[in-house]
Protein chains: 2
Amino acid sequence: MKIGLDVMGGDYAPDAIVEGAVDSLMHLSSADELVLIGDEPSILKKLEEMKIKPSCFKIVHTSQVIGMGDIPAKAYAQKPDSSIAVGYRMLKEGKIDGFCSAGNTGAMLVGATYTVGAIPGVLRPALATMLPAIDDRNAVILDVGLNIDCKPDVLLQYGMLGSIFAKYVLEVTNPRVRLLNIGEEESKGTPAVKAAYELMKEHPGINFEGNIEANGLFQETMADVIVCDGFVGNVILKQTEAFHHVYKLRNLQDAYFDRLDFESIGGTPIIGINANVVIGHGISRRKAIMNMILQTWAVVHVNLAQKIKEAI
Amino acid sequence: MKIGLDVMGGDYAPDAIVEGAVDSLMHLSSADELVLIGDEPSILKKLEEMKIKPSCFKIVHTSQVIGMGDIPAKAYAQKPDSSIAVGYRMLKEGKIDGFCSAGNTGAMLVGATYTVGAIPGVLRPALATMLPAIDDRNAVILDVGLNIDCKPDVLLQYGMLGSIFAKYVLEVTNPRVRLLNIGEEESKGTPAVKAAYELMKEHPGINFEGNIEANGLFQETMADVIVCDGFVGNVILKQTEAFHHVYKLRNLQDAYFDRLDFESIGGTPIIGINANVVIGHGISRRKAIMNMILQTWAVVHVNLAQKIKEAI
């Protein structure tokens, strides 16, 4: 499989990106190809420093860069030879099977929407991430920041998209779906959440187990798919980051808390578009980049986009 | 000062409530009076078991109990001799200066609204709780569950109510206020949050420092007052509970993580009503009850309700 990597995106690009790419090699098979998209001289210089043969990768030179502070839609349109724009074009033309970047998130979303496009029938694509449970499982939570105000039918569909993700990427049979709410009772929550409960309860396509309160997250009883709007999901994701940071500051050592590190998770797939795309954290360094690449591999390996196309 | 305590409310009532009351005595002065409101024979029996003189307290006998599963408004109306209804009546008549309960939250809110009432000028009372920062400070966050869908002017007023709380209860000079959002930029968030930002930015009565993302919570840089709607605040409160639970399960030992225990915080004041009222967690045991009483004492000590009345 061919995985495209934006070498120019992220606070520590291009060096940390190349380092992560090198580290990922030992986890990929010889049938896989990692395509480094970015400024070729910089890539070659870094590889030489690391004493790695350029032939381990395919390199696609680009002459422009979309910066972290650029206005997404404008930059995407005005920089057709940027690594992000080239990556999306290669994806659309079938030259790569998946694409990942720790660069400008807005520009990544612009490419997802305008170059690749939503799968017909998908109301609103979502960003999904993993929440580690205390018993070694992972749950998928969506949306974590793309749609901050979700209508009930969008939340219902997130239940379905999340179920497909859990089935193929997390390899869970008949994934259990729960709706994030401020109480377990059906009568709790905003009008949108209450209406979503009604829709999910009656939908034969998902294995709905009712509401989950935030104190049920991370526990053994946490379901496989957690559905919420992008505002709430983003708060949950970032509060997890806050606790992990405190854990590090306090010099604690624990295998579970280590799993909360975004560097171990690596990236956030965009679910519901016509291609397999993963977005990394802007502050990603070597380890996070490696895991972003492997996360992309996992999504490409099962061809998540195709599975969603077949199911919707 | 006279503090009323609902002895019949909570999953472990009445025994754990009496135990917590006894423990709180050593932290209260001889000028304070703790009023135990509930079934007198049960109270006397428990005190005898503990070898504590009943004269350490004032006991007000009640013959009815609002259960944890009772329908709040109905139970409050139909059980006028319940400990919650009697407590609110005593509060209204000035027989006690503050009231706290770990009982039926809905019934506590009914009493707050109908017997005591909102302070004129307060748009929507709120539930506030403390978030411990890594540098030993506490911030106050509101709302954490009363109003799940807040208009911009309500969020602005939460900034003001929270500032009064921080000034008098947390003893912070010129408390810094931040609006919980999914980005630091002014342009982020739901329409209500964006409009609240505009209002807060221009309001001379609060020391507004802009948006805070959830990964900024608990850190040294966290402000003194965090403003959000009740859905998001409730998620933050409960996710904190989730992490504390995981911390205990992993057998970690750390002074900071210990501070995240709801038992150390004790209760959630209702802010913006004509009396000082604190609500405890239904699962409160001895230690949590003691801290709920001391939290009530702190709020009564500065007469928070009066301070808000003067400021609004």
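**Entry 1: two helices side by side**

For helix packing, I take each axis as a line fitted to C-alpha atoms over the stretch in contact, and the angle between N-to-C directions. The model I am reading is a predicted one.

I began with helix α4 (residues 83–92) and helix α5 (residues 105–116), both of chain A. Their axes lie 10 Å apart, and the packing angle is about 30°. Angles under 35 degrees count as roughly parallel. So α4(A) and α5(A) are roughly parallel to each other. I also looked up the hand of the crossing: α4(A) passes α5(A) in a right-handed one.

Next I listed who touches whom. From α4(A) come A:Ile84, A:Ala85, A:Tyr88, A:Arg89, A:Leu91 and A:Lys92. From α5(A) come A:Ala107, A:Met108, A:Gly111, A:Thr115 and A:Val116. I sorted this contact by class and got 7 nonpolar, 2 polar and 2 charged residues.

**Entry 2: another helix pair**

I moved on to helix α1 (residues 15–25) of chain A and its packing with α11(A). Here the axes are 7 Å apart and the angle is about 55°. I note that α1(A) and α11(A) are therefore oblique to each other. The crossing of α1(A) past α11(A) is right-handed.

On the α1(A) side I found A:Ala16, A:Ile17, A:Glu19, A:Gly20, A:Ala21, A:Asp23 and A:Ser24. They meet A:Arg286, A:Ile289, A:Met290, A:Ile293 and A:Leu294 of α11(A). By class, I wrote down 7 nonpolar, 2 polar and 3 charged residues for this contact.

**Entry 3: chain A as a whole**

I stepped back to the whole chain. Chain A has 12 helices and 11 strands. Along the principal axes, the C-alpha atoms of chain A fill a box of roughly 60 × 45 × 35 Å.

How much of chain A is buried? I get 57% of the 312 residues. Then I checked the reach of the contacts. Of the contacts in chain A with a separation of 6 or more, 71% join residues 24 or more positions apart.

**Entry 4: where A meets B**

I turned to the contact between the chains. Chain A gives 30 residues and chain B gives 30 residues. Which helix supplies the largest share of the chain A side? It is helix α8 (residues 230–249) of chain A, with 13 residues. By class, the side of chain A that touches chain B holds 16 nonpolar, 8 polar and 6 charged residues.

**Entry 5: one residue of chain B**

I picked out B:Ile182. I located B:Ile182 in the loop between β7 (176–180) and α7 (191–202) of chain B. Buried or exposed? B:Ile182 has 24 C-beta neighbours inside 10 Å, and 20 or more make a residue buried, so B:Ile182 counts as buried.

I left aside the neighbours of B:Ile182 within four places in sequence and noted its contacts. From chain A they are A:Gly145, A:Ile148, A:Phe231 and A:Asn234. From chain B they are B:Lys188, B:Gly189 and B:Glu213. I also took one distance: B:Ile182 and B:Ala214 are 32 residues apart in sequence, and their C-alpha atoms are 7.5 Å apart in space.

I looked for cis peptide bonds in chain B. The bond from B:Ala13 to B:Pro14 is cis, with omega near -5°. B:Pro14 sits in the loop between β1 (2–6) and α1 (15–25) of chain B. The bond from B:Leu142 to B:Asp143 is also cis, with omega near 5°. I placed B:Asp143 in the loop between β6 (138–142) and α6 (152–168) of chain B.

Then I checked phi in chain A. A:Glu171 is not a glycine, yet its phi is positive, near 55°. I found A:Glu171 in the loop between α6 (152–168) and β7 (176–180) of chain A. A:Glu171 counts as exposed, because 9 C-beta neighbours lie inside 10 Å.

A:Asn303 is not a glycine either, and its phi is positive at about 50°. A:Asn303 belongs to the loop between α11 (286–301) and α12 (304–311) of chain A. With 16 other C-beta atoms within 10 Å, A:Asn303 is partly exposed.

Conventions. Residues are numbered from 1 along each chain as its sequence is written. Chains are lettered from A and ligands numbered from 1 in the order in which they are written. This is a predicted model: local features need pLDDT of at least 70, side-chain atom pairs count only at pLDDT 80 or more; totals for chains, interfaces and linings use all residues. Helices (H or I, at least four residues) and strands (E, at least two) are DSSP runs, numbered from the N terminus. A residue is buried if 20 or more other C-beta atoms lie within 10 Å of its own, exposed if 12 or fewer, and partly exposed in between; C-beta atoms are placed from the backbone. Two residues are in contact if their C-beta atoms, placed from the backbone, lie within 7 Å. Ala, Val, Leu, Ile, Met, Phe, Trp, Tyr, Cys and Pro count as nonpolar, Asp, Glu, Lys and Arg as charged, and the others, Gly among them, as polar. Axes are lines fitted to C-alpha atoms, for helices over the stretch in contact, and angles run from 0 to 180 degrees between N-to-C directions. Angles under 35 degrees count as roughly parallel, over 145 as roughly antiparallel, 65 to 115 as roughly perpendicular and the rest as oblique. A crossing is left-handed if the near helix is turned anticlockwise from the far one by less than a right angle, and right-handed if clockwise.
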